[in-house]
Amino acid sequence: MRRTTRIIRSTVTHCHWQPDPHHTKDTIMNPLKTIKTIKTIKTINTTKAKPKTTKPMLVSAPTLTPVVPPERSERPADMQMLYDILTLKRGHGSIGEQKLVAQQLTPRNPSVIRDRATDMAYVITTDPQSDVLWCCHIDTVHAMADDARQVVQFDTATMVAYKNDNQPLGADDGAGVWLLLQLIDAGVPGTYVFFRGEERGCIGSRYVARTQADWLKTFSKAIAFDRRDTCSVITHQSTGRCCSDAFATDMGKLLSDAHYTLTPDDTGVYTDTAQFTSLISECTNISVGYYNEHSGSEMLDMEYLLWLRDRLIEQADLIHQVPSTRDPSKQEDMYRPWGGFGTSPASDWWEYGTVGNTYDSAPSKKAKAKPQHPECAEDVCNMRYRELVRWIEKEPDLAAELMYQLAEDLVYGPPTGDDLGTGV
Ligand SMILES: [Zn+2]
């Protein structure tokens, strides 16, 4: 219940539309259909479906042979890859995560960055001369012990992927994994890194930043595909500015066309490329079409994702030519309360408050409305996972105190009037 509360409150305003939490398939579809009527739908050229064959009439009892479900045999290869990725729950350290590595990465013979025996990141290079580091993370917010498989509604008519079990879909960041694999297979120049443990505090990318700094400095652009919606080129993450406005503007112009428009966005939260801001000039994060990540209403706009792949392939040469202007030796931060950092007072880093709570847009009043520390279970429910981690790291004593308080409430019940000031 607590988790549900937090999830609903974490839904953000950037989404163009919000599903009904008790949605039916139709109520999910309708908002996107509305979007699609506004913009011209681009026909995506995917591998042609195999023609249907007529089954021969049987005249005697046949030997039983396995039947391939028709939707699998007729699904284009790129869509099948997306389906294979999304139907795995890939919690950090889970069987599903291992399966993803075995199915999608191992066949491409990646280099592995390891901390002793533990894999931290998988690296595939298509062109060692390229200065672009393409990034994504393979883990999802699912639990390590979760079953590896999940049922995904994969609606190719409306081009939306979603689920009906009130658990996260994992398009964060399955969409990014798929996109990088597609770019690799298309031969787009670059070095591709698939990080582990992003949802557990950027475990893989933090390790790589700490141990492979000289290697990272050989790149001038680190581009993650781990951002919701269909419109953002992130210029700031929780650690401050990560990418110049000029670079984000140029990237947005290169990718935008009559169907989608991408522009600089300073409301990024935290993903792997935030670890590289002191090493690589331009560190950004680009929308990959998922919405309501980390929640039971997460879904993926597959039409946008396919469009983005095609645009990246078309514009790959020009992307390499975009000047990298930010000086990584100069960090541009602004202190934010509660351990976060950002740029403008108007940026909505306070994402979980955007639906459940309404704050005055005036910066001073907004600042006053924010508690400095979580003081009760509800405050914790209203925090995002990574914000909670940062607060615990910053205030371990307060965190321990809060844990005692919450545990006592759980074991003995919340304090009553009799408990206050009447010690016996
Ligand atoms: Zn993510």
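The buried residues of helix 9 are covered by elements that include strand 8 (232-234), strand 11 (263-265), strand 12 (282-291) and helix 10. In this predicted model, helix 9 spans residues 245-255, and its buried positions are F247, A248, D250, M251 and L255. Viewed down the axis of helix 9, these buried residues fall within an arc of 165°, so they line one face of the helix.

Helix 10, which is part of that cover, also takes part in a helix pair. Its axis (residues 302-321) and that of helix 6 (residues 171-185) come within 10 Å and cross at roughly 35°. The crossing of helix 6 and helix 10 is right-handed. On the side of helix 6, the contact is made by A175, L179, Q182 and L183, while helix 10 brings L305, L308, R309, L312 and I313. Sorted by class, the residues in this contact are 7 nonpolar, 1 polar and 1 charged.

D172 and D173 are joined by a cis peptide bond, with omega about 10°. Of this pair, D173 lies in helix 6.

The loop between strand 7 (221-228) and strand 8 holds D229. The phi of D229 is near 75°, a positive value in a residue other than glycine.

N292 is not a glycine either, yet its phi is positive, at about 55°. Here 24 other C-beta atoms lie within 10 Å, and N292 is therefore buried.

The fold contains 15 helices and 13 strands. Of the 424 residues in the protein, 40% are buried. Among contacts with a separation of 6 or more, 78% are between residues 24 or more positions apart.

Methods. Residues numbered from 1 in each chain as written. Predicted model: local features only at pLDDT ≥ 70, side-chain atom pairs only at ≥ 80, totals over all residues. Axes fitted to C-alpha atoms, helices over the stretch in contact; angles between N-to-C directions. Helix = DSSP H or I, 4+ residues; strand = E, 2+ residues; numbered from the N terminus. Left-handed = near helix turned anticlockwise from the far one by under 90°. Contact = placed C-beta atoms within 7 Å. Nonpolar A, V, L, I, M, F, W, Y, C, P; charged D, E, K, R; others polar. Buried ≥ 20, exposed ≤ 12 C-beta atoms within 10 Å, placed from the backbone. Arc of directions from axis to C-beta.
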